[in-house]
Amino acid sequence: GVAMAPCSPPRISVLRGAAASSAKTRKEPAAGVFQWTAGRELVAGAGVLFIGIALYQAYLGLSKKFLSYSKTSEMSRSVRDAFTLIGEVGLVARAIAFALIGTFILKAAIDYKPKEAVGIDGALARLTQHTYGAAALIVVACGLIAFGVYSVVDARYRRI
């Protein structure tokens, strides 16, 4: 038979180094935009865009306009009622998440602090630093779960 060489386990230090390196690489482009000509204005524009998307998501949820994009006539009454509720909750939660991101990005541009610009993970993490932040985080998390459920049902009944 052929003798097989023993496999060595992966080195954790190598994995940690790769993770630290990829995390560092991810933040550099966001901070690097500030170095561009009109970079601060571009970052501010991105913040305003996120806030605009948040307002639109809130509008869709609160006005129930999202229902017009789905085949609600093919749903039973109980499915339609549940779909409406999870759509409202989910879209408003998504709006809150986008608004948080936009706010932190816009604040970073105004204060000229590149490290203040964060994605959804950073925005939600910062939410915990405020009074009632943990409770708000739980509410937003439940809402985002509702948005996930809404998306699955929407995929089934979407008008194409």
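This is a predicted model: local features need pLDDT of at least 70, side-chain atom pairs count only at pLDDT 80 or more; totals for chains, interfaces and linings use all residues.

How many helices and how many strands does the chain have? Switch to cartoon view and count: there are five helices and zero strands. Helices (H or I, at least four residues) and strands (E, at least two) are DSSP runs, numbered from the N terminus.

Residues are numbered from 1 along each chain as its sequence is written, and side-chain values use heavy atoms, with hydrogens and water left out.

**Stop 1: the whole chain**

Accessible areas come from the Shrake-Rupley method with a 1.4 Å probe, and for residues only the protein chains shown count as cover. Of the 160 residues, 29% count as buried. Buried means under 20% relative accessible area, exposed means over 50%, and partly exposed is in between (1.4 Å probe, protein chains only).

**Stop 2: the largest core**

Now select Leu60, Phe66, Leu67, Met75, Phe83, Ile86, Leu91, Ala146, Phe147, Tyr150 and Tyr157, the 11 residues of the largest nonpolar core. Such a core is a set of buried Ala, Val, Leu, Ile, Met, Phe, Trp, Tyr and Cys residues joined through side-chain atoms within 4.5 Å. Helices H3 and H5 (133-157) each supply at least two residues of this core, and H5 gives the most, with four residues. Apart from this core lies another one of 10 residues, including Val43, Phe104, Ala109 and Leu124. In soluble globular proteins, nonpolar side chains tend to be buried together.

**Stop 3**

Click on Leu60, which is found in helix H2. Is Leu60 buried or exposed? Leu60 is buried, because its relative accessible area is 8%. Not counting residues up to four places away in sequence, Leu60 touches Lys65, Phe66, Tyr69 and Leu91; a contact means heavy atoms within 4.5 Å. Try the distance tool too: Leu60 and Gly87 are 27 residues apart in sequence and 8.9 Å apart in space, C-alpha to C-alpha.

Next, pick Gln57, also a residue of helix H2. Gln57 counts as buried, at 9% relative accessibility. Leaving aside neighbours within four places in sequence, Gln57 is in contact with Leu91, Arg94 and Ala95.

**Stop 4: aromatic rings**

Rings of Phe, Tyr and Trp (its six-membered ring) pair if their centres lie within 6.5 Å; planes under 30 degrees apart count as stacked, over 60 as edge-to-face and the rest as tilted. By this rule there are six aromatic pairs.

Select Phe50 and Phe98: this pair is stacked, 5.8 Å centre to centre with 25° between the planes. Phe50 lies in helix H2 and Phe98 in helix H3, so the pair ties together parts that are 48 residues apart in sequence. Phe50 is partly exposed at 24% relative accessible area, while Phe98 is buried at 19%.

Then go to Phe83 and Tyr150, a tilted pair with 5.2 Å centre to centre and 35° between the planes. Phe83 lies in helix H3 and Tyr150 in helix H5, so this pair ties together parts 67 residues apart in sequence.

**Stop 5: salt bridges**

How many salt bridges does the count come to? The count is two, taking a salt bridge as a side-chain nitrogen of Lys or Arg within 4 Å of a carboxyl oxygen of Asp or Glu.

- Lys64 and Glu88 meet at 3.7 Å, N to O. Lys64 lies in the loop between H2 and H3 and Glu88 in helix H3, so the pair ties together parts that are 24 residues apart in sequence.
- Arg158 pairs with Asp154, with the closest N and O atoms 3.2 Å apart. Arg158 is partly exposed at 32% relative accessible area, whereas Asp154 is buried at 10%.

**Last stop: a surface patch**

Finally, select Tyr56, Tyr59 and Tyr69, which form a nonpolar patch on the surface with about 310 Å² of accessible area together. Patches are made of residues with over 30% relative accessible area and no salt bridge: like charges are joined within 9 Å, nonpolar side chains (Val, Leu, Ile, Met, Phe, Trp, Tyr) within 5 Å. You'll find Tyr69 in the loop between helix H2 (39-63) and helix H3 (77-111), partly exposed at 32%.
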